[in-house]
Amino acid sequence: MIALIVVFVAIIVLVTIARRINVAYPIVLVLGGMAIGYIPRIPTFPLPPELVLVVFLPPLLYWVSVAAPTSEFRAGAMWIFQMAFGLVIVTTFAVAAIAHAVIPGMPWGVAFVLGAIVSSTDEVAFASIADELNVPRHIIGTIEGESLVNDATSLILYGIGVAAVVGASFSLLHAAGDLILTVAESVLIGFAAAGIAVWAWRVLKDDAVQATISVVVPFVAYLPAYYIGASGVLATVTAGIVLSRFTPVVLRPRAREMLTGFWVTVVFLLNAFIFTEVGILFRSIVAGLREYSIAELALWGAAIAGACVIVRLLWTFAQGLLPITNEPEHVDGKPDWSHVTLLGWTGMRGGISLAAALAVPFETVAGPFPFRNLLIFLTFVVLLVTLVGQGGTLPWLIRLLRIKDDGAAAREERLALMATARAGLARLAELEREGTYPANVLELHRRRLEARLAEFTAEGGSTKAARTTALFRRAQLELIEAQRAKLIELRAEGKIDNTVLRQLQRVFDLGAIEVQALDETGRPDIEE
């Protein structure tokens with residue numbers, strides 16, 4: 001328990017530091033965790049690989065999938081497919097060849113296991129950094145899509161390599177068949193889990209029950225696939241992407257509100273915990289390598305990490321030259337090399353790779369698993385170089401390449417707000433004809449909808465309307481704060497109970513959230 005408290009206190013302190021110095025928090029957590037690991041007699045929390053793979057990973061994958069830019073997945077499908085399968089396979093063999101060549105006595109089988117462990121990028125690592133990047137949404141979509149799928153490829157290759165080392169029979173043709181079968185099984189399980197969830201949401205209309213179903217879904221998708229030898233990663237990603245189409249329809253509004261806050265908090269805590277623990281593990285990883293010199297470890301780590309970085313850069317530039325696609329990374333059939341460069345540099349590895357290394361068995365039929373401690377160390381080096389080195393330099397690279405957000409999200413927000421305002425006005429006209437509500441009530445709603453329509457009509461909306469509505473919302477926030485302060489005062493004076501305060505405070509909070517959300521759609525700032 002003390003160890004858990006230490007980790008969470010460290011998370012609070014390190015994330016606060018990261019925000020102050022404007023650095024992505026996973027980088028600070030890993031480096032801070034490494035420092036904590038060297039504090040004498042500090043209580044530490046063991047990080048079993050099963051905890052990461054079976055408990056932490058399903059909810060992280062699910063939320064990233066549900067919240068992902070799925071329209072960009074479709075647009076960048078060719079890029080995602082080639083990087084999630086082709087790049088992973090090429091990286092596995094390239095790293096295996098280099099490891100076998102530079103590390104004396106390392107067998108091909110062990111080198112192949114290392115290549116599979118470090119071959120895939122980590123969706124958790126990238127998702128934690130993506131929020132800090134001001135780049136076109138389609139780049140985020142391509143990288144997230146690749147990261148969500150490529151774990152399935154690498155973990156299958158990892159299983160093949162481990163089986164070969166521990167003494168099981170191995171056949172390349174059988175392995176290829178296993179890969180195809182695994183993908184099919186995983187996708188089917190994901191669809192089945194999503195179908196069960198949608199059916200349950202339609203039948204059970206209780207807010208708390210619907211929220212509970214959402215919490216259970218990732219494990220319903222992941223665990224069956226994991227335990228039958230399929231890809232729990234791919235099953236969970238499939239379920240999340242499918243359910244992203246249904247949650248706006250079948251979930252009740254209160255359930256959606258509850259779940260958004262829950263998932264954002266849980267995903268942040270799990271991410272932060274993994275990155276901090278990964279850093280803390282560094283000391284124990286190094287302690288198991290006394291038979292190697294510092295120069296050897298540095299050379300081998302640089303060789304393996306360099307291979308991961310260089311192979312990805314070469315692959316993405318080669319993929320950019322392919323004439324068969326006119327996807328977002330291409331303009332009129334020609335590659336946008338700044339975008340291709342950024343894709344090549346975003347090869348961050350994370351806690352999933354380290355969990356896979358820690359899960360390597362201790363024994364084979366011939367004795368101890370060869371080079372097991374060294375595999376774990378080299379995996380950590382790759383994680384450190386890609387997460388801290390590449391992830392930490394992404395803002396600099398984005399400025400150097402002059403890459404900026406293309407405004408796709410803001411344009412779609414304006415389009416949606418304009419269309420929904422028109423739909424509201426159309427319904428309001430019907431209500432006027434029906435005479436259901438008094439004219440003065442409908443007039444209040446008309447003014448609000450017409451103001452929103454004027455603000456968001458055409459590209460960028462009306463500047464005058466935008467200024468007026470922004471001032472209106474600023475005043476609205478001040479009025480909400482005044483009412484909230486009075487509510488707290490009434491509770492302090494004993495005139496209302498705490499339960500009443502909480503119920504009414506939620507009303508004011510939702511009003512403030514609506515105002516703040518509308519202010520984040522990219523309109524020009526108001527001159528003071």
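The following legends describe close-up views of a predicted model.

**Figure 1. Lining of the largest cavity.** Four cavities of 30 Å³ or more are counted in the model, and the largest has a volume of about 50 Å³. Its lining is made up of Ala116, Ile117, Ser120, Asp151, Ser154, Leu155, Tyr158, Ile352, Ser353 and Ala356. Helix H6 (108–118), helix H8 (137–166) and helix H17 (351–358) each contribute at least two residues to this lining. H8 gives the most, with four residues. Classified by residue type, the lining holds six nonpolar, three polar and one charged residues.

**Figure 2. Aromatic pair between helices H3 and H13.** The structure holds 14 aromatic pairs, one of which joins Phe56 and Phe273 in an edge-to-face arrangement, 5.6 Å centre to centre and with 80 degrees between the planes. Phe56 belongs to helix H3 and Phe273 to helix H13 (residues 253–280), so the pair ties together parts that are 217 residues apart in sequence. Both Phe56 and Phe273 are buried.

**Figure 3. Aromatic pair between helices H5 and H6.** Phe93 and Phe112 form an edge-to-face pair with 5.5 Å between the ring centres and 70 degrees between the planes. Phe93 lies in helix H5 (residues 77–102) and Phe112 in helix H6, 19 residues apart. Phe93 is partly exposed, at 48% relative accessibility, whereas Phe112 is buried, with a relative accessible area of 15%.

**Figure 4. Further contacts of aromatic rings.** Tyr62, Trp63, Phe262 and Trp263 form one aromatic cluster. In a separate view, the charged end of Arg372 sits over the ring of Phe362, at 3.8 Å from the ring centre.

Figure 5. The whole structure contains 16 salt bridges. In one of them, Arg312 is joined to Glu146, with the closest N and O atoms 2.7 Å apart. Because Arg312 lies in helix H15 (residues 294–320) and Glu146 in helix H8, the pair ties together parts that are 166 residues apart in sequence. Arg312 counts as buried at 3% relative accessibility, and Glu146 is likewise buried, with a relative accessible area of 2%.

Figure 6. Within helix H20 (residues 439–456), Glu443 and Arg447 are four residues apart, about one turn of the helix. Their side chains meet in a salt bridge (3.7 Å, N to O). Glu443 is partly exposed, with a relative accessible area of 31%, while Arg447 is exposed, at 56%. Glu443 and Arg447 are also members of a network of salt bridges that includes Glu432 and Arg446. A further salt bridge joins Arg452 and Glu514, the closest N and O atoms being 3.8 Å apart. Arg452 lies in helix H20 and Glu514 in helix H22 (residues 498–518), so the pair ties together parts that are 62 residues apart in sequence. Glu514 is partly exposed, with a relative accessible area of 32%.

**Figure 7. Positive phi at two loop arginines.** Arg41 is found in the loop between helix H2 (25–37) and helix H3 (49–66). Its phi is near 55 degrees, a positive value in a residue other than glycine. Arg41 counts as exposed because its relative accessibility, 85%, is over the limit of 50%. Arg402 occupies the loop between helix H18 (372–401) and helix H19 (408–434). The phi of Arg402 is near 55 degrees, again a positive value in a residue other than glycine. Arg402 is exposed, with a relative accessible area of 74%.

Methods:
Residues numbered from 1 in each chain as written. Heavy atoms only, no water. 1 Å grid on protein atoms, 1.4 Å probe; cavity = no way out; pocket = protein on both sides within 12 Å on 5 of 7 lines; lining within 4 Å. Points joined across faces, edges and corners; volume = space filled by probe spheres on them. Nonpolar A, V, L, I, M, F, W, Y, C, P; charged D, E, K, R; others polar. Buried < 20%, exposed > 50% of the residue type's maximum accessible area, 1.4 Å probe, protein only. Phe/Tyr/Trp six-rings, centres within 6.5 Å; stacked < 30°, edge-to-face > 60°. Lys NZ or Arg CZ within 6 Å of the ring centre and 35° of its normal. Salt bridge = Lys/Arg side-chain N within 4 Å of Asp/Glu carboxyl O.
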